[in-house]
Amino acid sequence: MVSRERPTDDSRDLIHAAVQGLRQLWRKGYAYHKVGVMLLDLSPKANRQLTLTETPQTEAQAKRSEQLMATVDRLNRELGRGTIQLGQSRAGNAWSLRSEHRTPRYTTRWDELVNVR
């Protein structure tokens with residue numbers, strides 16, 4: 001289990017924590033399967049409390065992080081889910097193989113609409 005130094009809603013921090021957890025668990029020679037990540041103790045930003053040893057983010061750092069995540073969310077909302085992703089998925093991974101056989105998403109994706117000539 002990996003805990004964060006301070007509460008966050010920044011996807012970059014959450015991904016960093018997940019990668020740290022995976023590095024702690026990884027053992028060469030074992031077979032692994034796809035897993036999920038659980039986020040516990042979620043609370044509104046207004047209820048956030050600093051710990052005794054925590055160094056608060058500067059106002060500029062917090063604002064920059066908030067603006068970046070808002071921009072990523074806005075672009076994905078306006079230009080389509082997955083337009084901006086953190087990290088890079090590899091071509092030919094298990095997910096892309098499974099997604100080849102999914103049904104078209106005519107009602108939610110312009111690029112999957114049927115063309116009639």
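These entries record what I looked up in a predicted model.

**Conventions.** I number residues from 1 along each chain as its sequence is written, and side-chain values use heavy atoms, with hydrogens and water left out. In this predicted model, local features need pLDDT of at least 70 and side-chain atom pairs count only at pLDDT 80 or more, while totals for chains, interfaces and linings use all residues.

**Helix 2.** I took helices as DSSP runs (H or I, at least four residues), numbered from the N terminus. Helix 2 has 21 residues and reaches 30 Å from its first C-alpha to its last, close to the expected 30 Å (1.5 Å times one less than its number of residues). I found Ser-65, Met-69, Val-72 and Asn-76 to be its buried residues (buried is under 20% relative accessible area, exposed over 50%, partly exposed in between, with a 1.4 Å probe and protein chains only). Down the axis of helix 2 these residues fall within an arc of 55°, so they line one face; the arc is that of the directions from the helix axis to the C-beta atoms. An α-helix has 3.6 residues a turn, so residues three or four places apart point the same way. Helix 1 is included in what covers the buried residues of helix 2.

**Asp-10.** I located Asp-10 in the segment before helix 1 (11-25). Asp-10 counts as buried because its relative accessibility is 3%. Beyond neighbours within four places in sequence, Asp-10 is in contact (heavy atoms within 4.5 Å) with Ser-65 and Met-69.

**Arg-81.** I placed Arg-81 in the loop between helix 2 (59-79) and helix 3 (94-99). Arg-81 counts as exposed because its relative accessibility is 81%.

Definitions and conventions. Helix = DSSP H or I, 4+ residues; strand = E, 2+ residues; numbered from the N terminus.
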